[in-house]
Amino acid sequence: METPILVIFVDAYPYADSEPLAKKLKALTYKKVTPGVGYSINVKAEIFAKLKPDEVGYFCEWIYNKEKVHKWMTPLVVQILTLIGSINNFSNRVIHKLVRMVIKEPIYAIPFDILPYLKNAGATAYEDTFKKPTFLTKLNFTRVLYSKVGVNDEKVFKEAKAVLKRDTPKKLFVSTAELDGIMHYYGKGSEEYNKQIKLIDKHIIELVREFNEIHGAESQYFIFSDHGMANVDEGVLFDIRKVLGKPGKNSYSYFIDATFFRVWLNNKELKAKLVDAFDTVKQGHVLDEKERNQYGLNNIEHGDVIFLLDEGKMFSPSFFGNTICKAMHGYDPVLESQQGTIISSFKINEEVVNAYQIHDLVMASETA
Ligand SMILES: [Zn+2]
């Protein structure tokens, strides 16, 4: 007998603020979800496909590629683009926009001398373009995705209710992302944030009720998020070019994410100098072997050296721009602020659920 299962994914819904929802649903399970390392792109791979960075083959969205990815970007082209970008902020934005139209990828503010060797490799695990098996493909879920409907929770839930009524799918998956953006922009605990949580809770309660009305008492629901969020209080500058000189094929390459600074050393002799320089940055640390092993981040292709900022800090500038967000995620996964949530009709005995375990929990509810 096939168990009807409703899965609702709310990007960045923090554990602490989802308690009212758990109570209103009278859920059997309300637990913390400790995220995996990195941003949503990796945590989703853990949740839906049970794949850590080493297993899924990428860490963060952009990865370094030894072979040139954008062959048309010759040294001369790079030089011209860099020159135009260096006139002022406006020209830099415009030239990045133009290159973005050529490459057809969101290149943000990535420096042009690094871009030719960077590949946008991260794939969202619940999209149908994701190549590896997930619990969504294994159990043949019908999907209502914000990527198709829009980053608008009201619209996504409306669409989900319409699909449920029309097709009565026994397996329904809904993904929303508006809360994540609101927290980045307005901060956690802001008026906008509180309003959005109320809206999400209301829609989830209605959707769970409607799903149960159609599919009966044996149906299960899972509501979960990939991580929480911490408000940001400081931008951190690390100028690697001052330390190691110009990046290049015979020296090094790097990527500055919001909270991670990843460096690939084509010349391994640069390592000591780099680590010494990172040691002077008091707002974070270089991930050691033990941490990388625990995170499933052993492969050197993720970066010879990976520096992680402390809670509430953000690189400025980063490859996404000069400004810092009001709130951020992607810190040490065990921090209280980073805990996501899982609320379910399915009884879960673990005290804390790791993102990596959710795949098996959903699969287990099918046969329970
Ligand atoms: Zn986010």
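Asp180 sits in helix α9 (residues 178-186). Helices here are DSSP runs of H or I with at least four residues, numbered from the N terminus. This is a predicted model: local features need pLDDT of at least 70, side-chain atom pairs count only at pLDDT 80 or more, and totals for chains, interfaces and linings use all residues. Residues are numbered from 1 along each chain as its sequence is written.

Is Asp180 buried or exposed? Asp180 is buried, because 21 other C-beta atoms lie within 10 Å. The cut-offs are 20 or more such atoms for buried and 12 or fewer for exposed, with partly exposed in between; C-beta atoms are placed from the backbone. Leaving aside neighbours within four places in sequence, Asp180 contacts Asp11 and Ala12. Contact means C-beta atoms, placed from the backbone, within 7 Å. Tyr39 is 141 residues from Asp180 along the chain, and their C-alpha atoms are 12 Å apart.

Next, a helix pair. The axes of α8 and α10 come within 10 Å and cross at roughly 5°. Axes are lines fitted to C-alpha atoms over the stretch in contact, and angles run from 0 to 180 degrees between N-to-C directions. So α8 is roughly parallel to α10 (angles under 35 degrees).

| Helix | Residues | Contact residues |
|---|---|---|
| α8 | 153-167 | Asp153, Glu154, Phe157, Ala160, Lys161, Leu164 |
| α10 | 191-215 | Gln196, Leu199, Ile200, His203, Leu207, Glu210, Phe211, Ile214 |

Finally, the domains. Domain 1 covers 5-55 + 123-231 + 333-367, and domain 2 covers 62-120. These bounds come from an automatic or database domain assignment. The domain centres, taken over C-alpha atoms, are 35 Å apart.

Technical notes
Helix = DSSP H or I, 4+ residues; strand = E, 2+ residues; numbered from the N terminus. Parallel < 35°, antiparallel > 145°, perpendicular 65-115°, else oblique. Contact = placed C-beta atoms within 7 Å.
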